[in-house]
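The following note sets out numbered points on the structure shown below. Each point takes up one region or feature in turn.

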Amino acid sequence: MALRSLPTTAFARLKRPSASMGGVRRYSPPPQNAIPAAKQKYVPTSGTYPKGFLVSGSHVGVKPTNKSTPDLAFLASETPCAAAAVFTKNKFQAAPVTVSREMLKRRNNSGVRSVIVNSGCANAVTGKGGMEDAEKMGEGADKCFDQTNDGKGGSSIVMSTGVIGQRLPIRKILQGIPAAFDALGSSHDHWLTAAQAICTTDTFPKLISRTFSLPSSPSIEYKIAGMTKGAGMIHPNMATLLGMIATDAAITPALLPALLTNAVNKSFNSISIDGDTSTNDTVAVLANGAAGGKEITSESSEDYAVFQKTLTEFATDLAKLVVRDGEGATKFVTIRVTESPSEVGARKIASTIARSPLVKTALYGKDANWGRILCATGYSQISEPGQAINEVPDIIPEKTSVSFIPSDGSPELKLLVNGEPETVDEVRAAEILEHEDLEILVRLGGGEQEAVYWTCDYSHEYITINGDYRT
């Protein structure tokens with residue numbers, strides 16, 4: 001898939017810090033609302049998209065200040081398809097999360113026609129009125145399809161993203177859905193505009209597509225495409241902020257939930273920007289079988305294993321784009337914890353390091369302060385205040401080692417070996433931290449399991465963006 005090197009692309013909701021009267025830092029659009037030059041390499045200029053799916057991105061003006069940027073995305077299958085989704089575990093779940101979960105359960109993951117998404121307002125913590133609005137969005141999308149009533153209710157997944165605690169301008173959205181349906185298409189520009197429409201503080205649209213094959217039908221070229229959004233409030237506990245994946249492979253509806261859950265656990269559930277789990281986290285996958293070939297009907301089949309690998313790798317690449325677009329981020333950091341007695345323990349440690357403000361600010365400052373990494377490792381599994389001191393067999397200080405793995409392929413920089421500090425070459429450490437990409441490797445020395453997390457640093461801009469988010 002070719003990557004974009006265009007000079008600019010309008011992105012009205014991108015904000016950057018600027019000084020204001022009284023010394024308060026606020027964020028404002030950059031010149032010409034352009035995608036930052038450093039991020040343009042992540043935006044595709046072409047793609048290969050699955051048969052039988054149509055998409056659009058259109059403007060309805062969810063936020064009064066948005067005068068032209070797309071903020072309503074529509075993804076539709078030309079035929080009813082299998083679908084599954086994973087959702088946030090946050091107890092204050094947004095209305096579209098509840099509506100979509102109930103729809104998929106009612107339909108047993110089959111007969112789904114579309115995904116309708118608005119940005120600019122999360123429709124979260126909005127009471128009964130918010131629930132009614134989410135239902136109306138789904139109904140508005142359903143009315144666009146000429147289909148008989150099968151007695152199972154709606155057939156559209158609903159997603160929303162934006163500010164929490166505010167009601168949707170539902171009339172605007174309902175009036176805009178027919179036009180969004182009329183604008184549906186299958187070209188690269190259609191997919192890219194839809195990816196733009198789901199963004200909030202993102203600095204670039206996140207879109208990936210690719211082809212794959214299955215053992216039972218080697219002559220068929222299957223396609224998979226997906227888009228995601230997210231730059232802040234990201235420490236997923238079932239998904240990321242929003243994500244949609246579509247494939248033209250044929251998959252039995254009952255198998256999709258497990259396929260997606262397994263993929264998400266290795267991808268969207270392994271990223272962190274700021275440690276906050278959103279109220280709206282949703283990732284959905286749709287499979288319509290339009291490419292033909294044999295349907296995947298058994299989890300013990302070779303096709304199932306190949307598609308699981310394909311979906312997991314695809315979801316991982318999408319999730320990494322979210323981290324690369326972390327609000328104010330200057331670093332893309334891989335946290336790898338190895339030689340652990342358990343994968344669960346390794347994930348807990350990696351997750352704790354990934355959301356440590358002290359680790360993240362040190363990375364931004366290009367400071368090889370490995371003590372902060374070790375500190376986060378040490379408290380990752382301890383009991384809460386007021387509880388009895390617990391044993392932590394996964395972490396043995398005398399066996400723990402910490403290293404920086406440079407992105408240029410040069411030898412690792414050892415910081416701690418078997419609990420003993422190394423004499424660190426600060427000049428080389430500074431050189432390693434100059435790169436955008438970095439891996440932090442923690443060896444526990446007590447087993448064979450490992451886990452990986454992806455995160456970014458904290459910069460001044462993160463504070464500026466989130467201190468001024470609602471204005």
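1. The burial of M244. This is a predicted model, and the note begins with M244, which counts as buried at 2% relative accessibility; the cut-off for that class is under 20% relative accessible area. The residue belongs to strand β9, which spans residues 242-247.

2. The surroundings of M244. Which residues does M244 touch, not counting residues up to four places away in sequence? They are L75, V115, V117, M159, I198, A225, G226, M227 and A284.

3. The chain as a whole. The chain has 471 residues, of which 55% are buried. Its secondary structure comes to eleven helices and 17 strands. Among contacts with a separation of 6 or more, 79% are accounted for by residues 24 or more positions apart.

4. The buried side of helix α5. Helix α5 covers residues 256-265, and its buried residues are L256, L259, L260, A263 and V264. Because these residues cover an arc of only 125 degrees around the axis, they lie on the same side of α5. The elements that cover them include strand β4 (72-87), strand β11 (282-287) and helix α6 (302-324).

5. Aromatic pairs. A pair of aromatic rings is described by the distance of the centres and the angle of the planes. In this model the count comes to seven aromatic pairs. One of them is formed by F74 and F145, with 6.3 Å centre to centre and 90 degrees between the planes, an edge-to-face arrangement. This pair links distant parts of the chain: F74 is in strand β4, whereas F145 is in the loop between α2 (127-142) and β6 (156-163), 71 residues apart. F74 is buried, with a relative accessible area of 1%, and F145 is buried as well, with a relative accessible area of 10%.

6. A stacked pair. Why is the pair of F212 and Y222 described as stacked? The ring centres of F212 and Y222 are 5.5 Å apart and their planes are at 20 degrees, so the pair is stacked; the cut-off for this class is planes under 30 degrees apart. F212 is in strand β7 (residues 206-214) and Y222 is in strand β8 (residues 217-229), ten residues apart. Both F212 and Y222 are buried.

7. The cavity. Rolling a probe the size of a water molecule over the atoms shows where empty space is left. How many cavities of 30 Å³ or more does a search of the whole structure find? The search finds one, and the largest cavity has a volume of about 50 Å³.

8. The lining of the cavity. The largest cavity is lined by L358, V359, A362, L363, D367, N369, R372, I373, F404 and I440. By class, this lining has seven nonpolar, one polar and two charged residues. Helices α8 (357-364) and α9 (370-379) each supply at least two residues of the lining, and the largest share, four residues, comes from α8.

How values were computed:
Residues are numbered from 1 along each chain as its sequence is written. This is a predicted model: local features need pLDDT of at least 70, side-chain atom pairs count only at pLDDT 80 or more; totals for chains, interfaces and linings use all residues. Side-chain values use heavy atoms; hydrogens and water are left out. Buried means under 20% relative accessible area, exposed over 50%, partly exposed in between (1.4 Å probe, protein chains only). The arc is that of the directions from the helix axis to the C-beta atoms. Contact means heavy atoms within 4.5 Å. On a 1 Å grid over the protein atoms alone, a cavity is a set of points where a 1.4 Å probe fits but cannot get out, and a pocket is an open set with protein on both sides within 12 Å along at least five of seven lines; lining residues have an atom within 4 Å of a point. Grid points are joined across faces, edges and corners, and a volume is the space filled by probe spheres set on the points. Ala, Val, Leu, Ile, Met, Phe, Trp, Tyr, Cys and Pro count as nonpolar, Asp, Glu, Lys and Arg as charged, and the others, Gly among them, as polar. Rings of Phe, Tyr and Trp (its six-membered ring) pair if their centres lie within 6.5 Å; planes under 30 degrees apart count as stacked, over 60 as edge-to-face and the rest as tilted.
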